[in-house]
Amino acid sequence: MKKTRVFQNVKNTRIVSSTFVRYLGTVLLFLFLLPYIITTLFHNIGGEDQETIGWSGQGDIFIENITAAGSEKIPLEIYLTDKLSRAISKEYEPEALKAQAVLIRTAVVEQLWAKNGVAKGELTLQDEEYGHGKITDAFAEAVYSTAGVYLTYQGKPAKAPYFAVSNGQTRQGAEVLGQEEYPYLVSVICGRDFLAEKYSGKVSMEKSEFIEAWEKAAGKPLEGEFDLNKMTVNRDTSGYVTRITYENNVLSGEECRTIWRLDSACFQIEEENQKINFTVKGVGHGLGMSQFAANEMAKGESDYIEILEYFFPDTQLSKFE
């Protein structure tokens, strides 16, 4: 039986998705975006950005962008449009873009809530790439049509991670984060992710380079000659590496992914002729929503609400009043 959706003031968003509304939404948002984009481009020249997110007196979320050239307040939805354009492929289906827009908005609200206990107040962020997104009508429409919508769990903003491509399934939040605080971060099957261009790949490096990266991360040199057979690799139930142990030094799977410049922590290691070879599956940390899987669901006529329900079960969608 399909579960009942708790969705405040937003259910009708699914119904009013006609061509006219999409076109009108795109036009209106672009008209609204234009002065902010122009200003941002000038303010981004010659300085590192700091962004402060807060609420106006009317209860709307704004980003106060502070640069060497001065500061400006940017409505949250304007910021999200730029962020969305940098987070996901413009070629993806509209419903996948909408799901991604909701997750980006949720991340902002979650941070505000974590700091203040409510989705209000001010938050300083670093986003050096802000203003450099390539905004299209598809991104603008995705933000416009989900304006104010964010993901919640038991009345609070949810943790809503996302990544590019899974190894065939997403990861359990408790295994990745080491806590049971997010029971909605469960492992779900992404049965078509193997179709992604970067689903699987191979990486090869010199053995000396492999060892050097490990020693730098561990903070000390190896004792004696390296032996791959003495390296212990632990994995979670989804097949991602959680930690690697060698000579009483332990690195997490994500740390190993970083030091060896791998697309994912789902990898196998082999040694051959003084080279270390990796076979890697997936792109990203594997927790939350797979963007590729979301797009495949959208191709199958799932809307963004159904996509988010699949990746984050038992969560609800709420909307700013």
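How many of the five residues of strand β5 are buried?

1. Four of them are, so to speak, under cover: β5 spans residues 149–153 and is mostly covered. Keep in mind that this is a predicted model.

2. Have a look at what sits beside β5. Strand β15 (residues 316–319) pairs with β5 over four bridges, in the antiparallel sense.

3. Two residues separate β5 and β6 in a hairpin, and Q154 in the turn has a positive phi of about 50°.

4. On to the charges: there are 13 salt bridges in the structure. In one of them, D236 meets R171, with 2.7 Å between the closest N and O atoms. D236 is in the loop between β9 and β10 and R171 in the loop between β7 and α5, so this pair ties together parts 65 residues apart in sequence.

5. Another salt bridge links R261 and E209, at 2.5 Å between the closest N and O atoms. R261 lies in the loop between α7 and β12, and E209 in helix α6, so the parts tied together are 52 residues apart in sequence. R261 counts as exposed at 57% relative accessibility, while E209 is partly exposed at 31%.

6. Finally, E296 and K299 form a salt bridge (3.2 Å, N to O) within helix α8, three residues apart, or about one turn. E296 counts as buried at 11% relative accessibility, whereas K299, at 52%, counts as exposed.

Notes. Residues numbered from 1 in each chain as written. Predicted model: local features only at pLDDT ≥ 70, side-chain atom pairs only at ≥ 80, totals over all residues. Heavy atoms only, no water. Buried < 20%, exposed > 50% of the residue type's maximum accessible area, 1.4 Å probe, protein only. Pairing = 2+ DSSP bridges. Salt bridge = Lys/Arg side-chain N within 4 Å of Asp/Glu carboxyl O.
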